[in-house]
Amino acid sequence: MTVAIHVSGDAKTAVETHVPQLVRDLVASGITGLDPALWGPEAESEASKRLGWTEAVAISRPLVPRIHELREQLLAKGVNHFVLAGMGGSSLAPEVITRTAGVELTILDSTDPDQVRAAVSDRLETSALVVSSKSGSTLETDSQRRTYEHAFREAGIDPAERIVVVTDPGSPLEASAREAGYTVFNADPNVGGRYSALTAFGLVPSGLAGVDIDELLNEAEAIQLNLSADDDENFGLILGAAIGGTSPFRDKLGIVSDGTHIKGFADWAEQLIAESTGKDGKGILPVVLDVDSPELTEGLPDVQIVRLVDDANHHHLRERHPGEILISGSLGALMLTWEYAVAVAGRLIGINPFDQPDVESAKAAARGLLDQRPEAVAPAFVAEGVEVRGTDDVLAGVTTLEGAIAKLIELLPADGYIAVQAYVDRLELPQLAETRDALAAKSKRPVTFGWGPRFLHSTGQYHKGGPAIGVFLQITSVPREDLEIPDRPFTYGQLIQAQAAGDANVLHEHGRPVLRLNLTDSGAVDAVLNAVR
């Protein structure tokens with residue numbers, strides 16, 4: 001079998017409680033049969049146009065030979081370096097697919113000027129760019145496309161020979177791309193971005209980079225019969241009940257990769273879960289963990305652990321990890337299983353898993369700041385190269401970095417979480433991810449970590465629409481050198497600062513405490529890490 005799941009403790013009780021009813025309600029066959037009524041009348045309109053992912057294997061098959069043919073054409077011209085410009089669902093699936101396959105794909109999902117410049121300057125002569133945007137109007141992706149077009153022309157390269165576009169039919173990007181002579185792959189419009197792993201959005205960049213995408217679809221196809229069956233052994237129903245049906249509700253899901261061959265799966269699942277369930281003041285908070293993360297030893301009553309392993313049937317693993325969900329399988333099978341499971345969890349929680357009503361708010365706030373260009377808010381104080389800003393509840397009476405961090409933790413509810421949001425060059429400052437474990441150890445609460453601005457297209461929905469129990473640490477930086485965006489009245493540096501400030505404003509409007517730390521020199525990174533520790 002391509003998937004194996006073992007549940008124990010509260011998760012097992014949830015499965016025993018809910019799966020029989022899900023079977024009686026014909027939920028699995030209903031999802032496969034595209035029944036939009038499964039999530040209630042208010043969700044029906046959106047669900048009616050968002051269930052195409054259940055048919056992704058069949059719909060995507062004809063894409064495979066086209067992708068292979070284009071790859072061979074590009075390789076014949078000496079093009080062997082592939083870059084993906086995409087955000088959220090457009091980048092997270094190709095990232096896990098290519099990393100698991102051991103294939104190189106440069107993911108450009110940032111507006112940090114240093115990171116963009118590094119991507120564009122790396123092997124431009126042998127590079128091709130895949131531009132992925134479902135709406136066709138994603139600001140970050142549009143900016144990256146403009147930058148590559150300019151760079152190709154400056155290098156004497158025709159952009160039409162190097163740019164491939166993935167978008168929904170009828171989008172503004174499709175129209176402009178076809179006019180420019182770019183190769184265009186249309187995705188299924190009946191699939192939302194976070195459910196698009198097995199559609200053109202996941203397959204085109206992965207296949208061009210060299211992944212055996214036919215095998216990936218075979219893996220998903222092998223589990224389809226199980227996932228569509230109204231049966232107690234349906235893995236989608238089991239996993240959905242285990243993560244969405246515990247009582248009292250464990251509303252944080254710690255996702256641990258432990259010895260599995262799949263690389264980066266938790267980051268993909270994080271978006272799928274958070275953006276699908278975090279709304280109406282409800283939701284499941286996914287927390288990406290390592291095998292030695294503090295949350296695994298704290299015994300937090302509101303955290304359910306799911307562990308991705310090489311063999312969930314292994315008796316030794318079951319004995320070592322009581323109370324956890326153990327899951328194993330091939331990548332394609334697991335992707336489809338988790339998509340079903342999150343849809344099932346949404347039904348149990350009582351939300352619409354296919355909309356994202358709060359994602360647009362931060363984007364609108366950023367656009368407003370770019371249009372108005374207000375004067376930057378003066379920092380409350382500057383310490384060791386770090387400009388400190390934040391909401392009044394965080395900064396009241398605070399004069400040091402350590403004091404600001406301590407005050408943020410003090411504002412954490414007993415059932416709350418900390419979200420670290422790093423709007424920086426993640427290739428240059430990967431050590432900032434160390435703040436996650438340090439804050440978890442200090443606060444004794446779950447901590448999430450997201451690279452900005454990509455999380456705005458995923459977990460940002462949960463931050464605003466989910467339970468009001470989060471406190472937020474934003475980290476921004478002054479770039480070494482700013483970068484113009486061709487034919488735009490703002491730079492990348494202005495864009496990423498506006499995205500951070502806009503999101504902070506929206507979080508503040510929702511009553512969330514926010515601490516903003518802006519790094520003004522290279523030594524400021526150590527100052528922040530020391531303050532957090």
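Helices α11 and α16 are oblique to each other, because their angle is about 45° and angles under 35 degrees count as roughly parallel, over 145 as roughly antiparallel, 65 to 115 as roughly perpendicular and the rest as oblique. Helix α11 covers residues 213-228, and its axis is 6 Å from that of α16. By axes I mean lines fitted to C-alpha atoms, for helices over the stretch in contact, with angles running from 0 to 180 degrees between N-to-C directions. Helices here are DSSP runs of H or I with at least four residues, strands are runs of E with at least two, and both are numbered from the N terminus.

A quick word on what you're looking at: this is a predicted model, in which local features need pLDDT of at least 70 and side-chain atom pairs count only at pLDDT 80 or more, while totals for chains, interfaces and linings use all residues. Residues are numbered from 1 along each chain as its sequence is written, and side-chain values use heavy atoms, with hydrogens and water left out.

Back to our helices. Contact means heavy atoms within 4.5 Å.

Helix α16 has another partner, α13, residues 265-277, whose axis comes within 10 Å and crosses at roughly 25°. These two are therefore roughly parallel, and α13 also passes α16 in a right-handed crossing. Among the contact residues are F265, W268 and L272 of α13, and L331, W338 and I349 of α16.

Now for the aromatics. The whole structure has 11 aromatic pairs, where rings of Phe, Tyr and Trp (its six-membered ring) pair if their centres lie within 6.5 Å; planes under 30 degrees apart are stacked, over 60 edge-to-face and the rest tilted. Take W39 and F354: their ring centres are 5.0 Å apart and their planes stand at 85°, so this pair is edge-to-face. W39 lies in the loop between α2 and α3, and F354 in the loop between α16 and α17, so the pair ties together parts 315 residues apart in sequence. Both W39 and F354 are buried, that is, under 20% relative accessible area, with exposed over 50% and partly exposed in between (1.4 Å probe, protein chains only).

How many residues of α10 are buried? In this helix, residues 200-209, the number is 10 of 10. After α10 comes G210, with a positive phi near 120°. T98 is itself buried, at a relative accessible area of 2%.

Last stop: I325, in strand β10, residues 325-329. At 0% relative accessibility, I325 counts as buried. Beyond its neighbours within four places in sequence, its contacts include I5, V7, L239, I243 and V306. Happy to go back to any of these spots on the screen.

Notes
Left-handed = near helix turned anticlockwise from the far one by under 90°.
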